[in-house]
Amino acid sequence: MRTSPDTADAVVRFESVGLRYGNGPEVLQDVSFSLTRGSFHFLTGPSGAGKTSLLSLLYLARRPSRGLISIFGRDVTAMERDELPPIRRRLGVVFQDFRLLDHLSALDNVALPLRVAGVSEADIQKHVPELLAWVGLADHLNAKPPTLSGGQKQRVAIARAVINRPDVLVADEPTGNVDDRIAFRLLHLFAELNRLGTSVVIATHNEALVRRFAFPRLHLEAGRLAVLPPLAEAEAAGPTAETFPQALTDGGGAAR
């Protein structure tokens, strides 16, 4: 399932993409790659290489200055703004700054994409607490973001991004505020989601994770991208499929 980025069945395709802010120099230059269904890539590179800019194009927060971006077979660079929401609903995003709603509890933040998708309240009350418990937040279901630590907010943001089993998951430094034990547990969660068919891109500076999980790398240097092989020779052993939240493993996710 984790494949060459040049195959024809791409769910995401970038062709000669460039991005600049205002009249400044290009922060991304001639970026070309594709993501197949069920692929998993780390996005690596030094600070300032353009990783967050690339992710912003992937989750449709920005349009490129030039080049083609196709997502689910549609040229999103040519689409009107009001055509984008159905595509965005198929994307899960973990933001580096969390972007939680401070007036909602942890449970309600995670439930938000399910409620938008019309999932029953019974299913929400079954699946959301289970997933929050799996990421170590069973005692914080009713806590609001201002009362949570950075690592706790990060886990709420991750739970929100994966609860409806998106077709593509994009995460910007999703383990940056947690210890190594939680980081590896979260990577196994992403890997399980990937095993079930989600294409995953994880931007990270954590070389220990990259060396432990045998996923290829999209590597950025000074705005230019290269596709590199995994650093790890074999994937790290982790929780068995039976231990993952039922919302992710019951044949389609809570929102499907």
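The buried residues of helix α5 (150-162) are covered by elements that include β6 (91-94), α3 (106-116), α4 (121-134), β7 (168-172), α6 (180-195) and α8 (246-249). Helices here are DSSP runs of H or I with at least four residues, strands are runs of E with at least two, and both are numbered from the N terminus. In α5, 11 of the 13 residues are buried, so the helix is largely enclosed by the rest of the structure. Buried means under 20% relative accessible area, exposed means over 50%, and partly exposed lies in between (1.4 Å probe, protein chains only). Among the buried residues of α5 are Gly151, Gln152, Arg155, Ile158 and Val162. The end C-alpha atoms of α5 are 19 Å apart. The expected span is 1.5 Å times one less than the number of residues.

The model is predicted; local features need pLDDT of at least 70, side-chain atom pairs count only at pLDDT 80 or more, and totals for chains, interfaces and linings use all residues. Residues are numbered from 1 along each chain as its sequence is written, and side-chain values use heavy atoms, with hydrogens and water left out. The pLDDT, the predictor's confidence in each residue from 0 to 100, averages 90 over the chain. At least 70 is scored by 93% of the residues. Over residues 1-7, pLDDT stays under 50. For this stretch the model has 24 contacts (heavy atoms within 4.5 Å) beyond four places in sequence.

Helix α5 also contributes to the largest pocket. Two or more lining residues come from each of β6, α3 and α5. The lining holds 23 residues, and Arg88, Arg89, Leu91, Gly92 and Pro113 lie nearest the pocket centre. By class, 13 are nonpolar, 2 polar and 8 charged.

Helix α1 (residues 51-58) is largely enclosed too, because 7 of its 8 residues are buried. Those buried are Lys51, Ser53, Leu54, Leu55, Ser56, Leu57 and Leu58. After α1 comes Leu60, with a positive phi near 70°.

Ser70 belongs to strand β4 (residues 66-71). Ser70 is buried, at a relative accessible area of 8%. Leaving aside residues up to four places away in sequence, Ser70 touches Val11, Val12, Arg13 and Asp75.

Conventions
On a 1 Å grid over the protein atoms alone, a cavity is a set of points where a 1.4 Å probe fits but cannot get out, and a pocket is an open set with protein on both sides within 12 Å along at least five of seven lines; lining residues have an atom within 4 Å of a point. Ala, Val, Leu, Ile, Met, Phe, Trp, Tyr, Cys and Pro count as nonpolar, Asp, Glu, Lys and Arg as charged, and the others, Gly among them, as polar.
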